Structures are given as C-alpha cells and as structure tokens.
Amino acid sequence: MRSVPLILASSLIFASSSGAQDPVAYHVVINGGVGLTTTRTVARALAVASEGTGALLVLELNSAGGQFAAAQLIASDLLASDVPIYVLVTTMAWGPGALVALAADSLFMAPESSIGAGERDGDAELSLPARTAVEQEFHSLAARRGVEPDVGLAMGRSPSATGALTLPVSEAVDRGVAHGEVRHLGALLARAGMDSTHLITVGSDWAGTTVEIENNNTRDVRAYVLRGGTRYTLGLATSMRVSTFTLPVDQLSEGSHIRVFVQVVGSSEQRLTEEIRVEPGLVIRWALEDPLRYSKLSYFVRYY
C-alpha cells in the first residue's frame with residue numbers, strides 16, 4: 001500500500017495523466033473447455049492490455065475441447081488486437097483450444113504437450129458446412145505461420161476423420177506450428193523480456209473498483225468518481241462511518257485514469273484526489289479528516 005498527497009479541487013476540469021507505466025504481462029489461464037466465459041475473460045484482459053504501453057497478453061492453455069463458436073470469437077479478438085499475444089500450451093490444445101492457440105502472435109509448448117484435432121463439447125460431429133468453415137479457419141491461421149496447407153486443414157478435422165492430425169511438441173516445432181518448447185510460464189516470460197513481478201493473472205471473477213471512504217467529519221459528504229468528462233455518483237458517505245462503494249468492471253474502462261471527488265454537505269469544502277490508474281481489483285481507501293486538507297489517501301490492486 002502506498003500513501004499519496006491529495007490535490008485541492010479548484011474545479012472539476014483536469015488533464016489526463018501522462019506518467020510512464022512499467023510494462024505488464026496480463027495472464028489468462030484456459031484450463032478446460034473453451035466457452036463463452038472464456039471469451040469474456042480474454043476480451044477484458046485484451047482491453048486492459050491495450051491501454052498500457054509495452055503490455056502483452058499471455059494465454060496459458062490446457063484444453064481438450066470446448067465450443068468452436070467461442071474459440072472463433074477469441075481468435076477474432078486476438079487477431080484484431082495490437083497487443084503482443086503469447087500462448088503457452090501446457091498439456092494439450094485440441095479442437096477449439098488449438099484454434100485459439102494458432103491465433104496468437106507467438107505459440108510455445110511445454111514438454112510432452114500436443115496440439116491439433118478435437119471435438120466440440122456435447123457434439124460428436126459438426127454439420128458439414130460448419131466443419132468446413134472450421135477447417136478453413138485452421139488453414140488460414142496456420143498459413144500465417146508459413147505452415148503447409150494440408151497441416152492446417154488436418155488439424156481442423158474431427159479426430160475421427162481420415163487424415164486428422166494432432167502434433168506432439170517436437171513435431172509442432174519442426175513444422176512451424178509452434179515457435180519453440182519452454183518448460184514453464186517463467187521461461188516464456190523470459191523469452192518475452194518480462195518476469196513474474198510484472199505478471200497480473202486475470203480470472204473470470206475479476207473484481208471491480210472499490211472505494212472505501214472513512215468520513216471523520218462531523219458532516220456527511222457526497223462522493224463521486226470522475227473519468228474524463230464523465231462523473232459517476234458513488235453516494236453519501238455518512239459522518240463518523242466507513243462507507244464502501246463498488247464500481248463494476250463494465251462501468252469503467254480498465255487502463256484509464258480516474259479521480260475521486262468529495263464535497264461536504266451544506267458547505268463549499270471539497271477535495272479531489274490525484275489520478276489513479278484503473279486496474280481489476282483496484283481498492284481506493286480515503287480517510288477524510290476535518291478539515292479535508294488533512295485527509296489521507298491510499299490505494300492498491302488486489303491481484304487474482
């Protein structure tokens with residue numbers, strides 16, 4: 001936790017922060033079937049990473065199947081993003097998992113892992129048009145890596161179909177499907193020029209922004225969050241009590257900067273914090289004193 005000085009609010013107009021940020025690796029674990037929850041988690045991590053200078057996304061993948069529709073959404077998001085994307089296949093990336101892996105900029109595999117053909121959960125066979133579309137998408141993604149066309153098509157086939165292909169790590173590297181073999185996440189981060197101290201693991205239970213106001217004034221205060229030209233109302237912080245407010249993750253854009261603003265009820269006295277970068281799990285604690293200029297602010301990120 002760190003304490004920071006407060007800035008007196010002479011108006012509600014403020015400039016965006018331009019302070020440099022250390023590069024961060026956002027880390028998503030896909031363990032099991034690829035589904036709609038996975039798409040939301042990856043999309044949120046991409047949105048945060050896109051706000052940070054030098055940030056990258058690491059997908060740690062162990063999936064024997066899932067939903068091709070969800071995998072196609074993730075692949076589309078990965079391809080459209082300017083964020084460098086790394087995938088580490090820890091055990092297997094089959095079917096939909098393989099489709100996600102192939103959409104990454106850099107694909108690495110752990111020893112004894114494999115990548116290739118696999119089914120969709122609860123569906124023994126896709127319809128012929130759907131299967132053809134999946135095979136073509138595998139072909140297109142593999143072609144981006146310079147992989148032989150037949151290899152991409154074979155990886156997209158049903159595992160029961162003639163010519164279906166699942167590659168062990170050594171063969172995946174030899175054929176250009178994977179860029180190399182790494183033993184663990186730390187080794188992958190080292191290849192990317194990062195280390196574990198700059199790793200933020202993103203989960204489906206990412207918390208929103210929490211603001212805790214300890215009002216030691218004899219009067220109540222009204223509290224707000226300011227972002228750009230938008231003001232979000234937190235509520236009334238009662239005198240001599242701690243009031244807790246939560247802004248859900250979908251209400252504020254992660255990676256942006258906010259300020260908390262308070263005004264004493266029945267008075268012109270007010271206070272505005274410095275800009276704080278929004279991250280998943282951000283907790284802002286503000287002890288308001290009487291007068292407000294003696295207030296103390298601290299904030300930290302609760303990592304998941």
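Helix 2 and helix 4 (residues 128-143) pack with their axes 12 Å apart, at an angle of about 30 degrees. The model is predicted: local features need pLDDT of at least 70, side-chain atom pairs count only at pLDDT 80 or more, and totals for chains, interfaces and linings use all residues. Residues are numbered from 1 along each chain as its sequence is written, and side-chain values use heavy atoms, with hydrogens and water left out.

**Helix 2 with helix 4**
- Helices (H or I, at least four residues) and strands (E, at least two) are DSSP runs numbered from the N terminus; axes are lines fitted to C-alpha atoms, for helices over the stretch in contact, with angles from 0 to 180 degrees between N-to-C directions.
- Helix 2 and helix 4 are therefore roughly parallel to each other (angles under 35 degrees; over 145 is roughly antiparallel, 65 to 115 roughly perpendicular and the rest oblique).
- The contact (heavy atoms within 4.5 Å) involves Phe 68, Gln 72, Ala 75 and Leu 79 of helix 2, together with Arg 131, Val 134, Glu 137, Phe 138 and Leu 141 of helix 4.
- By class, the contact of helix 2 with helix 4 comprises 6 nonpolar, 1 polar and 2 charged residues (Ala, Val, Leu, Ile, Met, Phe, Trp, Tyr, Cys and Pro count as nonpolar, Asp, Glu, Lys and Arg as charged, and the others, Gly among them, as polar).

**Aromatic pairs**
- The structure holds 2 aromatic pairs (rings of Phe, Tyr and Trp, the last by its six-membered ring, with centres within 6.5 Å; planes under 30 degrees apart are stacked, over 60 edge-to-face and the rest tilted).
- One of them, Phe 68 with Phe 138, is edge-to-face, at 6.5 Å centre to centre and 80 degrees between the planes.
- This pair links distant parts of the chain, since Phe 68 in helix 2 and Phe 138 in helix 4 are 70 residues apart.

**Helix 1 with helix 2**
- The axes of helix 1 (residues 36-49) and helix 2 (residues 68-80) come within 9 Å and cross at roughly 10 degrees; the two helices are therefore roughly parallel.
- Helix 1 contributes Leu 36, Thr 38, Thr 39, Val 42, Ala 43 and Leu 46 to the contact, and helix 2 contributes Ala 70, Leu 73, Ile 74, Asp 77 and Leu 78.

**Backbone features**
- Most residues other than glycine have a negative phi, and most peptide bonds are trans.
- Asp 290 and Pro 291 are joined by a cis peptide bond, with omega about 5 degrees; Pro 291 lies in the loop between strand 17 (282-288) and strand 18 (296-301).
- Glu 112, although not a glycine, has a positive phi of about 70 degrees.

**Confidence**
- The protein chain has a mean pLDDT (the predictor's confidence in each residue, from 0 to 100) of 82, and 84% of its residues reach 70 or more.
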